[in-house]
Amino acid sequence: MKTFGREKYQKHLKKYYDQKSAVYSATYTGEGRYPTGFHRLQIALAMVDAIRPKPKKVLDAGCGDARMVIELQKRGISCTGFDISTGMLDTGKELLREAKLPENLIMEGDMYNIPAKKNSLDLLLSMGVLENLDRHDELFKEFRRVLNSKGRILISLENKLFSLFTFNQHTIRFLQRLFKDIKIPAKIRADVLRAIGSWLHLEDIEQVERIIEDRQIQKNHIAIPEYDRLNVDGELRKFGFATERLRFYHVHPLPPRFEKKYPELFRGFAERLETSEYDWHSTLLCNCMLVQAVKM
Ligand SMILES: C[S@@+](CC[C@H](N)C(=O)[O-])C[C@H]1O[C@@H](n2cnc3c(N)ncnc32)[C@H](O)[C@@H]1O
């Protein structure tokens, strides 16, 4: 873990997105698979539309190919964006040109050193970014710096409770963390986890192929904070934000290992459930959440 280092991880992440910018578009179009990016965008737009007073100055941190910037500009909201990946920004500039919007709405910038003035924003968006970054204390400090006194964030986070429903290696990781937290002795922990691993026949699980191969992002080199439906408000409060609204997306009707067998069920069911808010089922069935929180 230490040999890879943070700097190297940052370079690796930037290179990953530089190379994957074209592939990333597929999360919006779907191309035969569940379009995660598209759904996240629709839910995020509905959440922004409902914010009162209407945010006047919005920044999309890690804006990727500028989808959110374009949609908010179309709604008459002044939104700009920044991203670390020139590959993503190049695609974004193309999309901005197509939408007849100025290319300079997006620029190069780093989440840990946000290119915005103190107290200058009403709303900071960040979709699909924090899930890959460590040092969240530094990130939220930056968010607080650039937001005005009643400023808000709208961010996506992984919902780790979903791991209890995946019945795969993520379940084992979740339980490992849980048992460690409650101080189960290491020997007993290992014994129990080995037993659960064998009940789940982990060695037989065919990994589900994904368009964006997150596993290529070598996340195990850094410590990414973990959130779930139950801890998110408490964790965000530590960083000076109070949760106002929460929505889930990417609902799984069955554990992921059944996706290949029942692809239509996965796609149809996911899209139907996404229309409802605060559905308790989503706490277990969704791996992603959108969190709106206000600066305290
Ligand atoms: C999954 S993509 C999401 C893009 C966009 N927000 C969306 O919703 O389509 C993650 C983005 O975060 C960007 N990113 C990763 N680390 C960053 C950093 N330190 N500063 C700025 N952007 C970063 C990546 O380059 C990539 O464009």
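## Overall dimensions

The radius of gyration used here is taken over C-alpha atoms, and the globule rule that goes with it is 2.2 Å times the number of residues to the power 0.38. For a chain of 296 residues, that rule puts a compact globule near 19 Å, and the chain has 19 Å, which agrees. This is a predicted model, in which local features need pLDDT of at least 70 and side-chain atom pairs count only at pLDDT 80 or more, whereas totals for chains, interfaces and linings use all residues. Residues are numbered from 1 along each chain as its sequence is written, and side-chain values use heavy atoms, with hydrogens and water left out.

Along its principal axes, the C-alpha trace of the chain spans about 55 × 40 × 40 Å.

## Secondary structure and contacts

Twelve helices and seven strands make up the secondary structure of the chain, where helices (H or I, at least four residues) and strands (E, at least two) are DSSP runs numbered from the N terminus.

## Surface, burial and charge

The chain exposes about 15,200 Å², of which carbon and sulfur atoms supply 55%; accessible areas come from the Shrake-Rupley method with a 1.4 Å probe, and for residues only the protein chains shown count as cover. Of the 296 residues, 52% are buried, a class that means under 20% relative accessible area, with exposed meaning over 50% and partly exposed in between (1.4 Å probe, protein chains only).

The chain carries 49 positive and 40 negative charges, whose mean positions are 4 Å apart. Lys and Arg count as positive and Asp and Glu as negative, while His and the chain ends are not counted; the place of a charge is NZ of Lys, CZ of Arg, CG of Asp or CD of Glu.

## Cysteines

The structure holds zero disulfides, a disulfide being a pair of cysteine sulfur atoms within 2.5 Å. For C63, the closest cysteine sulfur is that of C79, at 8.4 Å, which is too far for a bond; C63 counts as buried, at 7% relative accessibility. For C288, the closest cysteine sulfur belongs to C286 and lies 7.5 Å away, again too far for a bond, and C288 also counts as buried, at 11% relative accessibility.

## The surroundings of R6

R6 lies in helix α1, which covers residues 6-24, and is partly exposed, with a relative accessible area of 48%. Leaving aside residues up to four places away in sequence, R6 touches D134 and R135. R6 and Y227, which are 221 residues apart in sequence, are 21 Å apart in space, C-alpha to C-alpha.

Key. Contact = heavy atoms within 4.5 Å.
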